[in-house]
Amino acid sequence: MNKPLDYIFPDVPADIDLSALRADAIPQHIAIIMDGNGRWAKKRALNRLRGHKAGIEAVREAIRCASDLGVRYLTIYSFSTENWKRPEDEVVGLMDLFAKTMLAEVDELHDEHVRVMTIGDLSPLPPETRAAFDEAWEKTRRNDGMTLVVALNYGGRQELLHAAQECVRRCMLRAEAGGGAPEVTEDLLEQGLFTYGIPDPEVIVRTSGEMRLSNFLLWQAAYAEFVSSPVLWPDFDRYELLRCLLEYQRRDRRFGGVGA
């Protein structure tokens, strides 16, 4: 843990027992499906893009809190391969928001030693959006603090297809070199994942009360604990993340075996 608990959570709500949080059981990788921006805006008679803008502060809060707790990886599901189906003005607004937010935040993230990387296919994104994330990676890639993984134009099926294609390519190259066909193993397949080298998340949080993975980290989620928060994403703060972590720590993680 990078900072004391009472510093990270200075004004704990009465329903939370901060002493129940075990510092030795903080997950090294948290993944978040940020859901509810549109519903948050609709409740306030605002357009959907206003909801996405309101969600930026929740992203900042999650990054700060996770980094302070000593989490090594935080993955946020920012834009899925299916999100292109949304209205054109919303997609255009989101791409502009991604670029402006990344450029505005990267210096502070760098100062906090956060490394910023992306997973997904960035090639269809507007040049300005790609450039903003490329710049963030170049600026922060040598940092040794928490890694912020931004899933952007990401889909779990797309990733598995890419991994399978890479597996076939590697096998063909080895066969052509006279080495014979290698055995197809989990490790060989994982080498083609966008997240290769990143540990699987121990916990996946989804906000707004939904209970779906929505094509997110399908391979990596095999043994992750799933926690659903009823809070819409723009209202998600460090105390709601704390509630999710306490729920995670109450779970008996057996990995297919028998509990104690």
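Analyst: Before the helical pairs are discussed, one term is needed: helices here are DSSP runs of H or I with at least four residues, numbered from the N terminus. The model is a predicted one.

User: Where do K100 and D96 lie, and how many residues apart are they?

Analyst: K100 forms a salt bridge with D96, with the closest N and O atoms 3.1 Å apart. K100 counts as exposed because its relative accessibility is 54%, and D96 counts as partly exposed because its value is 37%. Both residues lie in helix 4, and their separation, about one turn of the helix, is four residues.

User: How many helices and strands does the protein have, and in what order do the elements run?

Analyst: The protein contains eight helices and six strands. Read from the N terminus on, the order of these elements is α-β-α-α-β-α-β-α-β-α-α-β-β-α.

User: What is the radius of gyration, and how does it stand against the globule rule?

Analyst: The C-alpha trace spans about 65 × 55 × 35 Å along the principal axes. For 260 residues the globule rule gives 18 Å, and the protein comes close to that, so it is as compact as a globular protein of that length, with a radius of gyration of 19 Å.

User: Which element gives the largest share of the largest nonpolar core?

Analyst: The largest nonpolar core has 52 residues, and those with the most contacts inside it are F9, L69, L74 and L148. Elements that give two or more residues to this core include helix 3 (48-69), strand 2 (73-80), helix 4 (88-111) and strand 4 (147-154). The largest share, eight residues, comes from helix 4.

User: Which residues does L148 touch, leaving out those up to four places away in sequence?

Analyst: L148 is one of the residues with the most contacts inside the largest core. With sequence neighbours up to four places away set aside, the residues that L148 touches are I63, L74, I76, L109, V114, R115, V116 and M117.

User: What is the distance between the end C-alpha atoms of helix 3, and which residue caps its N-terminal end?

Analyst: The 22 residues of helix 3, at 1.5 Å a residue, should span 32 Å, which agrees with the 32 Å between its end C-alpha atoms. Just after this helix, G70 takes a positive phi of about 90 degrees. At the N-terminal end, a side-chain oxygen lies 3.1 Å from the backbone nitrogen of L49, and the capping residue that supplies this oxygen is N47.

User: Why does the pair D35 and R206 tie together parts that are apart in sequence, and by how many residues?

Analyst: D35 and R206 form a salt bridge whose closest N and O atoms are 3.0 Å apart. D35 counts as buried because its relative accessibility is 14%, and R206 is buried because its relative accessible area is 5%. Since D35 lies in the loop between strand 1 and helix 2 (37-43) and R206 lies in strand 5, the pair ties together parts whose separation in sequence is 171 residues.

Definitions and conventions: Residues are numbered from 1 along each chain as its sequence is written. This is a predicted model: local features need pLDDT of at least 70, side-chain atom pairs count only at pLDDT 80 or more; totals for chains, interfaces and linings use all residues. Side-chain values use heavy atoms; hydrogens and water are left out. A nonpolar core is a set of buried Ala, Val, Leu, Ile, Met, Phe, Trp, Tyr and Cys residues joined through side-chain atoms within 4.5 Å. Buried means under 20% relative accessible area, exposed over 50%, partly exposed in between (1.4 Å probe, protein chains only). Contact means heavy atoms within 4.5 Å. The expected span of a helix is 1.5 Å times one less than its number of residues. A polar contact is a pair of N or O atoms within 3.5 Å; within protein, one must be able to donate a hydrogen and the other to accept it, and residues adjacent in sequence count only if both atoms are side-chain atoms. A salt bridge is a side-chain nitrogen of Lys or Arg within 4 Å of a carboxyl oxygen of Asp or Glu. The radius of gyration is taken over C-alpha atoms; the globule rule is 2.2 Å times the number of residues to the power 0.38.
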